[in-house]
Amino acid sequence: MRTWAVRPSSPSPTRLIDLAEHFNLALHSETPNVLLTGITMNSRDVEPGDLYLGLPGARFHGATFSKDAVARGAVAILTDASGAVDATAAGVPVLLTPNSPRDIAGHLAAWIYGTVTGGPLTLGVTGTNGKTSTVHFLDALLTQLGRKTGLSSTAQRRIGAEVVVSSLTTPEAPELHGLLARMHEAGVDAALLEVSAHALTRHRVDGVMFHVAAFTNLSHDHLDDYADMDEYFEAKLQLFTPEHSRKAVVSLDTPAGFAVVDRAGVDVVTISSTPGVASDWVVTVADEQPDSTAFTLSSAHGTVSTRVPVIGRHMAANGGLAIAMLVEAGIDFGEIRAVLDRDGAITASLPGRAVHVPVTDGPNVYVDSGHSPDAFAKTLESVRSLTRGRVIMIAGANGDRDALKRPEMGREAALGSDVLIITDHQPRSEDPALIREAVLAGARKAKPEGDIREIAAPEAAIRAAVAEATPTDTILWAGLAEKEYREVAGVKIPFSVLGETRAALAEAGWVSA
Ligand SMILES: CC(=O)N[C@H]1[C@@H](OP(=O)(O)OP(=O)(O)OC[C@H]2O[C@@H](n3ccc(=O)[nH]c3=O)[C@H](O)[C@@H]2O)O[C@H](CO)[C@@H](O)[C@@H]1O[C@H](C)C(=O)N[C@@H](C)C(=O)N[C@H](CCC(=O)O)C(=O)O
Ligand SMILES: Nc1ncnc2c1ncn2[C@@H]1O[C@H](COP(=O)(O)OP(=O)(O)OP(=O)(O)O)[C@@H](O)[C@H]1O
């Protein structure tokens with residue numbers, strides 16, 4: 001699997017002088033006739049012919065890497081006043097902008113990679129939870145319809161069969177436009193993009209026009225980056241302006257959805273899976289099974305009944321949202337209903353989301369990547385409805401991310417489970433004991449008499465859960481499911497939640513089905 005940024009294979013060269021003129025940038029050069037074939041803001045990703053953007057960040061000023069960038073083949077540098085000395089010392093033409101180069105990176109990248117106009121149908125999803133799931137449902141539906149897709153999610157970037165590892169949920173603008181240009185070259189019919197609040201705040205999707213953008217929900221997360229929920233909401237709202245999208249499909253499953261409807265600057269249709277809430281599209285859950293959820297989706301276009309191959313009413317809501325987005329993008333509802341009737345489900349495989357590890361004659365076991373209070377609550381609700389015995393939950397929180405949500409995660413975990421084991425996930429640079437303490441405090445406050453345990457080592461936590469379980473119980477391990485590593489004290493240690501779970505089950509004599 002590739003781990004480096006994807007780019008178009010044969011970009012048409014852009015004259016630096018034309019770019020400077022078009023974007024009204026001051027050009028300092030005695031040799032302004034250079035040709036640009038790429039753009040990046042990461043010196044380690046520079047390829048020959050690139051414009052390197054040296055921008056100020058929280059840790060570095062990118063211009064300090066100008067010489068490295070030029071050594072790798074950068075032919076020009078764009079920076080701000082504070083980067084000018086370093087950029088000039090690198091010996092290539094320098095463009096100066098009065099603000100951060102990040103502010104114009106998207107539009108520059110669109111110009112250099114030719115993604116300003118044309119291109120495939122582009123669909124974007126934002127919201128606290130459900131972005132990855134909805135994008136993967138869109139991908140599956142379009143594939144079922146015989147269309148060629150490209151996607152960018154937290155889990156992966158993919159063009160047809162070519163898969164690239166994701167680091168950020170939404171890539172930086174130069175990487176995103178490179179990806180879109182490559183999708184265009186590959187002849188994809190649709191580009192499906194997950195759009196984080198960080199991406200909107202940091203101009204990562206500038207220069208991308210979404211034919212349809214969707215809003216899933218808003219709940220507590222990322223309050224390390226945003227002052228409060230209002231600021232976090234405002235970040236998400238930017239997607240629903242004419243600068244970014246033509247049309248919106250907005251879920252009314254959280255109160256924020258109503259605020260998006262009120263404030264959106266583009267045409268909006270609504271969807272809801274909450275009984276009693278009026279909306280253009282209505283999702284009604286019909287049946288919940290240990291490995292799938294059946295639902296009906298109704299609108300003025302008609303009604304379709306189908307399944308998503310995962311547990312959870314929230315996952316049915318995401319599946320309905322994906323179908324509604326395709327119809328609002330102009331795909332015939334009857335065509336979609338026909339393939340769903342043919343296949344019996346949206347045939348998606350969700351990486352790390354509510355993954356069922358079936359055990360023959362044993363407990364149901366799920367691993368899930370949810371790492372917010374609402375994600376815990378929703379998954380626990382579905383697990384509870386499928387469990388005859390006890391719900392045994394393993395949970396943890398990550399370091400270097402919103403610390404305020406930890407007690408709330410503990411609270412939801414305690415309220416939704418019968419046995420709760422708090423363990424370590426990705427402490428990153430933080431002291432894992434302090435992270436556990438915060439989650440435990442929320443859990444014990446919510447359920448003082450609850451069976452709440454602390455087991456630091458995740459390998460031991462899953463073994464304790466398995467030892468506790470009887471065949472009618474369910475084990476849910478929430479928070480880390482799709483990763484192949486844990487970051488501890490800045491070092492990535494190989495670790496697989498799924499692998500560890502299967503090993504623990506096998507050691508205990510349970511056989512994975
Ligand atoms: C808070 C945030 O989003 N920070 C991002 C931002 O960092 P920054 O502005 O501090 O940059 P910096 O590290 O000081 O570096 C400054 C410049 O020097 C460059 N540089 C740096 C070192 C070097 O050797 N060479 C080089 O060129 C960097 O590429 C950058 O252009 O720009 C960096 C370069 O692209 C990103 O790696 C970094 O993401 C960090 C890793 C991150 O963790 N971001 C998370 C919070 C994030 O964006 N998450 C969202 C949402 C997740 C969700 O919904 O759950 C996402 O979309 O992933
Ligand atoms: N519609 C929803 N409402 C509430 N919780 C959800 C919803 N969809 C998914 N979840 C929960 O959130 C978790 C993350 O889902 P998903 O990866 O689809 O969201 P995301 O927005 O991409 O989040 P992230 O980028 O942080 O992983 C799931 O594993 C599940 O626990």
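**Strands, a helix and domains**

User: Which residue of strand 24 stands opposite Val365?
Analyst: Val365 has Ile475 of strand 24 opposite it. This is a predicted model, in which local features need pLDDT of at least 70 and side-chain atom pairs count only at pLDDT 80 or more, while totals for chains, interfaces and linings use all residues. Residues are numbered from 1 along each chain as its sequence is written, with chains lettered from A and ligands numbered from 1 in the order in which they are written.

User: What makes strand 20 and strand 24 a pair?
Analyst: Two strands (DSSP runs of E, at least two residues, numbered from the N terminus) pair if DSSP finds at least two bridges between them. Strand 20 (residues 364-368) and strand 24 have 5 bridges, in the parallel sense, so they count as paired.

User: Why are strand 19 and strand 23 said to stand at the edges?
Analyst: The open sheet has 6 strands in the order 19-20-24-21-22-23, with mixed pairing. Strand 19 (355-356) and strand 23 (451-454) each have a single partner strand, so one side of each is left without a neighbour in the sheet.

User: What makes residues of helix 15 buried or exposed?
Analyst: A residue is buried if 20 or more other C-beta atoms, placed from the backbone, lie within 10 Å of its own, and exposed if 12 or fewer do; in between it is partly exposed. In helix 15 (residues 458-468; a helix is a DSSP run of H or I, at least four residues), Pro458, Ala461, Ile462, Ala465 and Val466 are buried. Seen down the helix axis, the buried residues fall within an arc of 130 degrees, so they line one face; the arc is that of the directions from the axis to the C-beta atoms. Glu459 and Ala467, on the other side of helix 15, are exposed.

User: What do the buried residues of helix 15 pack against?
Analyst: Their partners are strand 21 (391-395), strand 22 (419-422), strand 24 (474-478) and helix 16 (497-507). Contact here requires C-beta atoms, placed from the backbone, within 7 Å.

User: How many residues does each of domain 2 and domain 3 give to their contact?
Analyst: The domain assignment, automatic or from a database, gives domain 1 (14-113), domain 2 (121-343) and domain 3 (355-507). The contact takes 16 residues from domain 2 and 21 residues from domain 3. The C-alpha centres of domain 2 and domain 3 lie 27 Å apart.

User: Where does UniProt place "domain: Mur ligase C-terminal"?
Analyst: The unreviewed UniProt entry places this feature at residues 354-479. The span is 40% helix and 20% strand, with its end C-alpha atoms 10 Å apart. Such annotations may be inferred rather than shown by experiment.

Key
Contact = placed C-beta atoms within 7 Å.
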